[in-house]
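Please look at the sequence and the three-dimensional structure shown below, and keep both in view while reading. The paragraphs that follow start from a single side chain and then widen to helices and rings.

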Amino acid sequence: AGEEKSYFIAFALAFFGGLSPIISIPYYLVIMSFGAAGLNPYLLGLAGGIGVILGDSVFYFIGYTGKEFFSERLQEKFREFSAWCLQKPFALVFFLLFLYGSLIPLPNTFIVVSMALMRFTYWQVMIPLALGNILFNTGAAFIGAYGVAVLAQ
């Protein structure tokens, strides 16, 4: 029963990490710790990746429904990022979203809101970010699992 709760804890912390646009919750450190404790790295990666994307979904819908939530200065940053993205082929944007999700341990909020303001569909934004976040979290779990073993030698 404790193992199942650990996967839920990883999911919940990742969800709140996705909800946190200003203060990043380093939930991936918990995922690494759970990996070091022997939990399945693939399940940890899936729980963390889905959790963070569900948290990011809140900001996607905020960005999609209205810009009045954001200051004029922040809206200008979103417009700059939007203009850059709209000049690129979608396959490149998809790949860059995937890379960001899989390599960068920072919140996805700015990207998600920008893409929503540009009217990219939910799935165009969330699929590459989700795949990247699942890969990132799985990697973190494996680092925890095997990093401890390497350090113990």
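The model is a predicted one, in which local features need pLDDT of at least 70 and side-chain atom pairs count only at pLDDT 80 or more, while totals for chains, interfaces and linings use all residues. Residues are numbered from 1 along each chain as its sequence is written, and side-chain values use heavy atoms, with hydrogens and water left out.

Phe-110 is found in helix α6, where helices are DSSP runs of H or I with at least four residues, numbered from the N terminus. If its neighbours within four places in sequence are left aside, Phe-110 is in contact with Lys-77, Phe-78 and Phe-81, contact meaning heavy atoms within 4.5 Å. Phe-110 and Gly-63 are 47 residues apart in sequence, and their C-alpha atoms are 9.6 Å apart in space.

Is helix α6 as a whole mostly covered or mostly uncovered? Helix α6, which spans residues 109-117, is mostly covered, since seven of its nine residues are buried. These buried residues are Thr-109, Ile-111, Val-112, Val-113, Ser-114, Met-115 and Ala-116. After α6 comes Arg-119, which lies in the loop between α6 and α7. The phi of Arg-119 is near 70°, a positive value in a residue other than glycine, and Arg-119 counts as partly exposed because its relative accessibility is 45%.

We can now turn to the aromatic rings. The structure holds 13 aromatic pairs, where rings of Phe, Tyr and Trp (its six-membered ring) pair if their centres lie within 6.5 Å, and where planes under 30 degrees apart count as stacked, over 60 as edge-to-face and the rest as tilted. In one of these pairs, the rings of Tyr-60 and Tyr-122 have centres 5.3 Å apart and planes at 80°, so the pair is edge-to-face. Because Tyr-60 lies in helix α3 (residues 41-65) and Tyr-122 in helix α7 (residues 122-152), this pair ties together parts that are 62 residues apart in sequence. Both Tyr-60 and Tyr-122 are buried. The rings of Tyr-122 and Trp-123 also form a pair, which is edge-to-face because the centres are 4.9 Å apart and the planes stand at 85°. Tyr-122 counts as buried because its relative accessibility is 17%, whereas Trp-123, at 58% relative accessibility, therefore counts as exposed. Ring pairs link Tyr-60, Phe-61, Tyr-64, Tyr-122 and Trp-123 into a cluster.

The next topic is how the helices pack. How do α1 and α2 run relative to each other? The axes of helix α1 (residues 2-18) and helix α2 (residues 27-36) come within 9 Å and cross at roughly 165°; such axes are lines fitted to C-alpha atoms, for helices over the stretch in contact, and angles run from 0 to 180 degrees between N-to-C directions. The two helices α1 and α2 are therefore roughly antiparallel to each other, given that angles under 35 degrees count as roughly parallel, over 145 as roughly antiparallel, 65 to 115 as roughly perpendicular and the rest as oblique. In this contact, Ser-6, Ile-9, Ala-10, Leu-13, Ala-14 and Gly-17 in α1 meet Tyr-27, Val-30, Ile-31 and Phe-34 in α2. By class, the contact of α1 with α2 has eight nonpolar, two polar and no charged residues, where Ala, Val, Leu, Ile, Met, Phe, Trp, Tyr, Cys and Pro count as nonpolar, Asp, Glu, Lys and Arg as charged, and the others, Gly among them, as polar. Val-30, in helix α2, is partly exposed because its relative accessible area is 24%.

Helix α1 also packs with α3, at an angle of about 30° and with the axes 7 Å apart, and α1 and α3 are therefore roughly parallel to each other. Among the residues that make this contact are Tyr-7, Phe-11 and Phe-15 of α1 and Leu-43, Ala-47 and Phe-59 of α3. By class, the contact of α1 with α3 has twelve nonpolar, four polar and one charged residues.

Methods:
Buried means under 20% relative accessible area, exposed over 50%, partly exposed in between (1.4 Å probe, protein chains only).
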